[in-house]
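Student: I would like to go through a model feature by feature. Please give the general idea each time, then the case at hand.

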Amino acid sequence: MFHKILIANRAEIALRIIRAARELGIQTVAVHSTADANSLHVKFADESLCIGPPPSKESYLNIPAILSAAEVSGADAIHPGYGFLSENAEFAEMVQHSGLAWIGPRPEMIRMMGNKIRAKEAMREAGLPQLPGSDGVVGDERDLTRLAEKVGFPVILKAAAGGGGRGMKIVREREQLAQMYRTASAESLAAFGNGDMYIERYIERPRHVEIQIVADEHGEMVHFGERECSVQRRHQKMLEESPSPALNDKLRERMGRVAVDAMKKVRYNNLGTIEFLLDERGDFFFMVMNTLIQV
């Protein structure tokens, strides 16, 4: 059990962590920018330290300042919450190299799942079903055309480093392919610093179902059931429902079992969420794995 944890986040996220830590008898350290000095998470934590001015890159994204705060406060672990540095593998490694515990997935897991092509390769080897598409990065426009014709239109272009719908384009006709590819790649490069793209068969009326898993450091793993996340706007989830009305008991049990089995094969640890797409026939396909810690 930890004695004291530093929360590398703010506001409601930090408040939830503080509440959980208090129930476990763990002391908490809040970090804050100068603008957040009077925030609730600062008032409710056992200790607080200012780590910089209002801009996030100078405070909540300032890795040296956060590590210094952990050392000064005597914290023995860092909880990143979600957002900010929570999916930054380099930050996780620096925390561990500083002799602190990282409350989150191992850095290699964050790195693997942060690149969607790498994640697809790992999940394919672990046995999760996947939509027809490219095995890796689309090499060029000639390769793109060949793959699209093999998969069959409509197809969807996705950014390897993408998220939140950025770098994603639906292509219904061969004539649109090259322009859509260039646009999506440029969008991805601007947003994520990586223009790599891959291609998949597009499902017209999909169901978006997520399964959350939790794993300890000893290989024990369970899932917490599914969430229906099909109500979206611009690829952003607006409503989550549990249990999913799209699943029967047999499909629910199968999806949960294959999700846990796959995560055991890659030796995943901590919390994470596997996102699946269901087609019109009820077949499910791996889409992405999020290493976010739900708080």
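**Salt bridges and burial**

Tutor: Glu-226 is buried, because its relative accessible area is 5% and the cut-off for buried is under 20%. Keep in mind that this is a predicted model.

Student: Which residue forms a salt bridge with Glu-226?

Tutor: A salt bridge needs a side-chain nitrogen of Lys or Arg within 4 Å of a carboxyl oxygen of Asp or Glu. Here the partner is Arg-252, with the closest N and O atoms 2.9 Å apart. Arg-252 counts as partly exposed because its relative accessibility is 22%.

Student: Are Lys-158 and Glu-200 buried or exposed?

Tutor: Both Lys-158 and Glu-200 are buried. Their side chains meet in a salt bridge, at 3.0 Å from N to O. Lys-158 is in strand 6 and Glu-200 is in strand 8 (residues 197-201), so this pair connects parts 42 residues apart in sequence.

Student: How far apart are the closest N and O atoms of Arg-174 and Glu-149?

Tutor: They are 2.6 Å apart, and the two residues form a salt bridge. The pair links distant parts of the chain, 25 residues apart: Arg-174 is in the loop between strand 7 (169-171) and helix 8 (177-192), while Glu-149 is in helix 7. Arg-174 counts as partly exposed, at 47% relative accessibility, and Glu-149 likewise counts as partly exposed at 47%.

Student: How many salt bridges does a search of the whole structure find?

Tutor: The search finds 23. Salt bridges can also be read as networks: Glu-210, Arg-227, Lys-237, Glu-240 and Glu-275 are linked in one.

**Backbone geometry**

Student: Where is a peptide bond cis, with omega about 0°?

Tutor: Read omega for the bond, then locate the residue. Another joins Ser-242 and Pro-243. Pro-243 is in the loop between strand 12 (236-237) and helix 9 (249-265).

Student: Which residues have a positive phi although they are not glycines?

Tutor: Phe-84 has a phi of about 45°, and Arg-267 has one of about 60°. Phe-84 sits in the loop between strand 4 (77-79) and helix 4 (89-97). Arg-267 sits in the loop between helix 9 and strand 13 (270-278). As for accessibility, Phe-84 counts as partly exposed at 32%, whereas Arg-267 is exposed at 57%.

**Helix packing and surface**

Student: At what angle do the axes of helix 3 and helix 4 cross?

Tutor: For a helix pair, take the distance between axes, the angle and the handedness. The axes of helix 3 (residues 63-73) and helix 4 come within 11 Å and cross at roughly 30°. Helix 3 is therefore roughly parallel to helix 4, since angles under 35 degrees count as roughly parallel. The crossing of helix 3 past helix 4 is right-handed.

Student: Which residues form a nonpolar patch on the surface?

Tutor: Val-231, Met-238 and Leu-239 form one, with about 300 Å² of accessible area together. Met-238 is located in the loop between strand 12 and helix 9. Met-238 is exposed because its relative accessible area is 57%, and the cut-off for exposed is over 50%.

Conventions:
Residues are numbered from 1 along each chain as its sequence is written. This is a predicted model: local features need pLDDT of at least 70, side-chain atom pairs count only at pLDDT 80 or more; totals for chains, interfaces and linings use all residues. Side-chain values use heavy atoms; hydrogens and water are left out. Helices (H or I, at least four residues) and strands (E, at least two) are DSSP runs, numbered from the N terminus. Buried means under 20% relative accessible area, exposed over 50%, partly exposed in between (1.4 Å probe, protein chains only). Patches are made of residues with over 30% relative accessible area and no salt bridge: like charges are joined within 9 Å, nonpolar side chains (Val, Leu, Ile, Met, Phe, Trp, Tyr) within 5 Å. Accessible areas come from the Shrake-Rupley method with a 1.4 Å probe; for residues, only the protein chains shown count as cover. Axes are lines fitted to C-alpha atoms, for helices over the stretch in contact, and angles run from 0 to 180 degrees between N-to-C directions. Angles under 35 degrees count as roughly parallel, over 145 as roughly antiparallel, 65 to 115 as roughly perpendicular and the rest as oblique. A crossing is left-handed if the near helix is turned anticlockwise from the far one by less than a right angle, and right-handed if clockwise.
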